[in-house]
Amino acid sequence: MPYSRIEKSTMVKKNDCKSVDDSWPQPYTTFSNCGYVSSLKLSIVQSSRLWTRIIAIVVHNGKTVTSKHLHLQKFASLTSMGQHVAVFAFPFATHAAPLLSLVRRLARAVPSARFSFFNTAKSNGLIFSGPKDDVDDNIKAYNVADGMPEGHVLSGNPQEGIELFLKATPGNFREVVEVAEGESGMRISCLLTDAFLWFAGEMAEDRCIPWVPLWTSGPVSLAVHVYTDDIRKMVLGANGIEGHEVQTLDFIPGLSSIHAVDLPEEIVSGNLDSPFSQMLHKMGLTLPRAAAVVINSFEEMEPTVVNDLKSKFKSLSMLVLSPYHRHRHWLLTQQLPVMLRTIITPPPHELVALAEALESTGVPFLWSLRDNSKDNLPKGFLERTSQNGKVVPWAPQLQVLGHASVGVFVTHCGWNSVTESIVCGVPMICRPFFGDQNLNRRMVQDVWGIGVGVKGGVFTKSGLTRDLELILAHEGKKMREKIGVLKELATGAVESNGSSTKNFSTVLEVVSHVAAN
């Protein structure tokens with residue numbers, strides 16, 4: 001395939017391109033690896049956005065303005081025909097599942113496109129464990145190295161595995177991307193990634209392709225990472241946030257109800273130089289360079305925060321990724337006022353408090369609890385509550401919450417759990433642990449008024465008994481009315497004319513764009 005050097009004067013008048021002027025300012029380095037483009041690619045470039053991209057990669061006064069201009073020549077044997085989307089997953093917690101949900105929607109909308117899903121073997125094994133019929137033919141999973149040295153045994157610190165993985169990036173992804181390109185004979189045309197993986201933005205710029213990061217949580221938690229530098233200036237002192245715990249973030253649009261103590265520790269406490277903290281900081285700085293940012297939510301839920309984020313990103317799309325409008329009710333054999341899901345297992349003394357509160361109130365319950373944690377329950381608890389309660393290692397959360405008899409959801413307050421509870425109309429009792437969960441608890445309790453946080457941040461028998469009574473007997477009706485309003489907004493967002501549906505079309509356009517036909 002022939003390659004042509006492009007001169008600035010032959011392509012566009014300098015006034016037509018804001019990113020380039022006579023002095024060739026710094027922004028041109030954004031596309032520093034693309035000094036040559038194929039003549040085939042040149043023949044179809046039409047949009048002003050793509051003109052700008054090409055302008056930023058040319059030679060100036062006979063001198064190459066790029067240090068790696070042979071990048072595209074490396075892929076001369078690959079075709080740029082068609083769409084080949086590389087998907088980078090963050091293989092911890094529940095991050096990979098909503099990303100795969102988005103990929104499946106895109107794959108079905110563009111069956112001619114190829115989606116290569118890059119993830120660790122362990123995470124791929126979990127999310128692709130369903131029936132083969134659930135996997136689309138144009139999605140192929142690839143395993144990337146998890147960074148674990150051979151024979152290494154994890155210490156039990158949850159950050160250890162993450163840090164080993166981050167140390168292996170981005171090399172582990174680059175290596176397997178080349179494998180996928182070689183197998184398919186197709187050059188990658190777009191990078192769709194978990195937002196945590198900020199380095200994907202640089203990889204996309206190197207290749208002159210769009211980067212579309214997915215933030216799997218809500219707008220508020222993304223905003224605090226975008227505003228990290230401002231937050232640190234306002235609330236950090238010599239002793240961290242000591243003395244500023246109740247300071248609100250009223251200097252950020254839509255966050256006046258958020259307190260400094262609600263923030264993830266990676267922003268204002270703990271080791272701010274840790275790999276995980278640095279990853280989130282770099283992410284907040286890099287996201288404005290993305291072609292489009294996707295958030296797992298709907299615009300109407302937090303409009304002030306969303307509008308502010310729109311002003312900071314090139315494109316922002318709020319997408320409802322869970323099948324809220326298609327869930328089937330799980331037909332239970334009895335009334336079930338309480339559902340508990342301890343995806344993050346509380347300390348043993350809190351498990352005892354949970355069990356004692358359930359037994360003393362006598363309310364029917366379904367408790368999703370890992371088998372290896374049952375030994376921490378009070379002796380005889382399972383037998384004494386067998387008539388009105390059930391403890392299981394796993395439960396189909398969305399289907400259970402969708403049953404009309406469920407009156408309250410006891411949850412760690414992860415974003416997926418919060419949104420699923422909202423669209424099913426179930427108030428929450430929140431016991432957050434880390435990450436965005438304290439932010440979510442604050443929104444649930446103080447902004448939306450659809451639940452409560454456990455007093456003191458830990459489960460106690462008296463505290464949970466009080467909270468159950470509050471929601472099931474007193475304030476539950478008001479909470480359900482408020483949650484019903486949010487539920488209607490969520491339902492409207494996924495209708496044919498809804499905001500989520502329209503935003504999906506926008507994302508589809510970016511992801512499926514082909515630079516050469």
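Which residues in α15 meet Lys-461, Leu-464, Thr-465 and Leu-468 in α20?

A: From α15, the residues that meet these four in α20 are Ala-353, Leu-354, Glu-356, Ala-357, Ser-360 and Thr-361, where contact means heavy atoms within 4.5 Å. By class, the residues of this contact comprise five nonpolar, three polar and two charged; Ala, Val, Leu, Ile, Met, Phe, Trp, Tyr, Cys and Pro count as nonpolar, Asp, Glu, Lys and Arg as charged, and the others, Gly among them, as polar.

The model is a predicted one, in which local features need pLDDT of at least 70 and side-chain atom pairs count only at pLDDT 80 or more, while totals for chains, interfaces and linings use all residues. Residues are numbered from 1 along each chain as its sequence is written, and side-chain values use heavy atoms, with hydrogens and water left out.

Two packed helices are described by the angle between their axes and the distance between the axes. Helix α15 covers residues 348–361 and helix α20 covers residues 461–474; their axes come within 8 Å and cross at roughly 50°. Axes here are lines fitted to C-alpha atoms, for helices over the stretch in contact, with angles running from 0 to 180 degrees between N-to-C directions. The two helices are therefore oblique to each other, given that angles under 35 degrees count as roughly parallel, over 145 as roughly antiparallel, 65 to 115 as roughly perpendicular and the rest as oblique. The crossing of α15 with α20 is right-handed; a crossing is called left-handed if the near helix is turned anticlockwise from the far one by less than a right angle, and right-handed if clockwise.

A second pair provides a counterpart. Helices α10 and α14 (residues 303–310) pack at an angle of about 40° with their axes 9 Å apart, and are therefore oblique to each other as well. The crossing of α10 and α14 is left-handed. In this contact, Pro-219, Val-220, Leu-222, Ala-223 and Val-226 of α10 meet Val-305, Val-306 and Leu-309 of α14. The residues involved divide into eight nonpolar, no polar and no charged.

In α19 (residues 437–447), Gln-437, Leu-439, Asn-440, Arg-441, Arg-442, Met-443 and Val-444 are buried; buried means under 20% relative accessible area, exposed over 50% and partly exposed in between, with a 1.4 Å probe and protein chains only. Leu-439, with a relative accessible area of 1%, is one of these buried residues. Leaving aside residues up to four places away in sequence, Leu-439 touches Val-220, Ser-221, Val-224, Ile-258, Asp-262, Leu-263 and Pro-264. The C-alpha atoms of Leu-439 and Asp-262 are separated by 5.4 Å, although the two residues are 177 residues apart along the chain. After α19 comes Gly-449, with a positive phi near 65°.

Helix α18 is itself mostly covered, with nine of its nine residues buried, including Trp-415, Glu-420 and Ile-422. Gly-425, which follows α18, has a positive phi near 75°. Cys-413 is not a glycine, yet has a positive phi of about 75°, and is buried at a relative accessible area of 0%.

Most residues other than glycine have a negative phi, and most peptide bonds are trans. Ala-93 likewise has a positive phi, of about 55°, and lies in the loop between β5 (84–88) and α5 (96–109). At 80% relative accessibility, Ala-93 counts as exposed. The peptide bond joining Thr-169 and Pro-170 is cis, with omega about -5°, and Pro-170 sits in the loop between α7 (158–168) and α8 (171–184).

For the chain as a whole, there are 22 helices and 17 strands, taken as DSSP runs numbered from the N terminus, helices being H or I of at least four residues and strands E of at least two. Of the 517 residues, 54% are buried. Among contacts with a separation of 6 or more, 70% come from residues 24 or more positions apart. The chain exposes about 23,200 Å², of which carbon and sulfur atoms supply 52%; accessible areas come from the Shrake-Rupley method with a 1.4 Å probe, and for residues only the protein chains shown count as cover.
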